[in-house]
Amino acid sequence: MNFDFSDDQKTIQEQARLMLGRECPPSLVRDSLESSPPELDALWQQMVSLGWPAMAIDEANGGLGLGYLELCVTAMELGRSLAPTPFMASVYFATELIKAAASAEQQAEWLPVLACGEAIGCAVLPDSRTGVAPLRVSGENALSGVARGVLHGDSATFAVVAAEGASGAAFFYVDLGHSSVKRRKLASVDPSLPLAEITLDATPAEPLAGERALEDVLASVVNKAAVLLSFEQVGGCEAAIDMAKAYTEGRYAFGRQVASFQAIKHKLADMFVAKELAKSNAFYGAWAMTDGVNELPLASATAYVSAANAYYLCSKENIQAHGGMGFTWEFDCHLYYRRAQLLSTLLGGMRVWKHRLAEQILAA
């Protein structure tokens with residue numbers, strides 16, 4: 001039984017790490033907190049040229065026809081570099097919703113432009129606690145309402161949205177360039193992954209015409225996104241550990257390396273153990289996405305909760321390892337702490353996912 005990624009998948013990961021290390025330095029992430037520098041467009045085009053948005057799209061629809069394992073190793077490197085691009089919103093959510101909920105004709109129209117990076121998607125999902133969609137069908141295939149906290153909703157070209165109608169909730173495709181659409185960027189803990197408020201006023205929309213029920217589509221997409229986000233969190237954990245280790249090895253106090261003090265060793269050991277546990281659970285989730293679909297609800301909840309807890313610990317202890325300088329703007333520690341906080345709330349928060357995990361364990 002193979003518990004690791006293949007050589008080809010590891011090569012994809014290594015190439016992703018090299019490219020992101022060169023094109024996405026911490027200075028670029030820091031700049032994105034205050035503005036959208038032109039280098040972000042260049043970084044996105046680099047990802048497109050490498051085929052990253054096309055990885056999990058079949059060849060018939062303009063993709064590379066690879067799979068989720070290749071997407072997982074790429075996600076780990078995106079998390080390590082804190083890449084401030086719409087990859088997460090467009091690939092983990094919008095693309096997967098179209099694959100799961102659209103008809104074959106709609107997929108043939110929309111997936112190729114996503115694969116080549118010509119279009120960038122975002123998603124508006126029902127509330128994770130109440131299950132209520134934020135938008136309403138206000139006419140025949142027209143939507144109205146306000147959706148808040150939409151990841152990359154400010155820059156996406158279209159949105160896949162859940163809307164409540166007379167016959168229940170359904171998914172729709174909305175062109176965000178329409179004149180009836182208003183968008184406003186929101187303040188958030190991590191502006192490098194911007195959140196937006198989208199207001200629709202009788203905006204024309206196209207219903208996704210696939211045969212799967214909304215609940216089935218939603219569960220599948222959210223569970224897969226949770227696994228992919230867990231890989232991003234593991235990548236962030238590894239970067240935070242490396243940063244803490246490098247800093248404490250280079251700093252001296254009382255004639256000794258700070259890293260040689262037992263208290264620092266304990267911090268680094270706790271960070272490592274939490275990261276390894278999260279990594280193992282993320283691998284479990286990756287397997288479930290490809291070979292163990294029946295176990296995906298349990299695997300995704302396990303991976304997401306474990307990775308969110310580990311990333312919070314690693315990002316927090318990285319600040320502590322840097323001492324009094326750790327929390328300042330001049331150091332990069334806060335970049336990882338911001339990302340850890342945002343990723344832990346992106347799918348509804350830890351209370352929702354711990355409840356899901358408990359339900360899956362009890363049902364097993």
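The model is a predicted one, in which local features need pLDDT of at least 70 and side-chain atom pairs count only at pLDDT 80 or more, while totals for chains, interfaces and linings use all residues. Residues are numbered from 1 along each chain as its sequence is written, and side-chain values use heavy atoms, with hydrogens and water left out.

Back to histidine 152, which sits in the loop between β3 (142-151) and β4 (158-165). The backbone of histidine 152 has a phi near 55°, a positive value in a residue other than glycine. Most residues other than glycine have a negative phi. Leucine 82 also has a positive phi, near 60°. Leucine 82 belongs to the loop between α4 (68-81) and α5 (87-101), and with 3% relative accessibility it counts as buried.

What about charged side chains? Side chains of opposite charge can pair when their charged atoms come close. Across the whole structure, a search turns up 18 salt bridges, a salt bridge being a side-chain nitrogen of Lys or Arg within 4 Å of a carboxyl oxygen of Asp or Glu. One of them joins lysine 10 to aspartate 4, at 2.8 Å from N to O. Lysine 10 is partly exposed at 31% relative accessible area, and aspartate 4 is partly exposed at 37%.

A further salt bridge links glutamate 96 and lysine 99, with N and O 3.0 Å apart. These two are three residues apart in helix α5, so about one helical turn separates glutamate 96 from lysine 99. Glutamate 96 is buried at 4% relative accessible area, whereas lysine 99 is partly exposed at 23%.

Glutamate 276 and lysine 275 make a salt bridge too, their closest N and O atoms being 2.5 Å apart. Glutamate 276 is partly exposed, at 30% relative accessibility, while lysine 275 is buried, at 7%. Both residues are part of a network of salt bridges that links Arg17, Glu77, Arg80, Glu238, Lys275, Glu276 and Lys279.

Now for the helices. Two packed helices are described by the angle between their axes and the distance between the axes. Axes are lines fitted to C-alpha atoms, for helices over the stretch in contact, and the angles run from 0 to 180 degrees between N-to-C directions. The axes of α4 and helix α8 (residues 262-290) come within 9 Å and cross at roughly 150°. α4 and α8 are therefore roughly antiparallel (angles under 35 degrees count as roughly parallel, over 145 as roughly antiparallel, 65 to 115 as roughly perpendicular and the rest as oblique).

On the α4 side, Tyr68, Leu69, Cys72 and Met76 meet Lys279, Ala286, Met289 and Thr290 of α8. Sorted by class, this contact has six nonpolar, one polar and one charged residues. Ala, Val, Leu, Ile, Met, Phe, Trp, Tyr, Cys and Pro count as nonpolar, Asp, Glu, Lys and Arg as charged, and the others, Gly among them, as polar.

α5 packs against helix α7 (residues 214-250) at an angle of about 155°, with the axes 10 Å apart. That makes α5 and α7 roughly antiparallel, and α5 passes α7 in a right-handed crossing. Residues of α5 including Met88, Tyr92, Phe93 and Glu96 meet residues of α7, among them Val217, Val221, Lys224 and Glu232. By class, the contact of α5 with α7 has eleven nonpolar, no polar and three charged residues.

Helix α7 also holds glutamine 233, which is buried at 0% relative accessible area. Leaving aside neighbours within four places in sequence, glutamine 233 is in contact (heavy atoms within 4.5 Å) with Tyr304, Ala307, Ala308, Tyr311, Leu343 and Ser344.

Finally, leucine 195 is found in strand β7 (residues 195-204) and is buried, at 15% relative accessible area. Not counting residues up to four places away in sequence, leucine 195 touches Gly149, Val150, Leu151, Lys185, Leu186, Ser188 and Leu342.

Notes: Helices (H or I, at least four residues) and strands (E, at least two) are DSSP runs, numbered from the N terminus. Buried means under 20% relative accessible area, exposed over 50%, partly exposed in between (1.4 Å probe, protein chains only). A crossing is left-handed if the near helix is turned anticlockwise from the far one by less than a right angle, and right-handed if clockwise.
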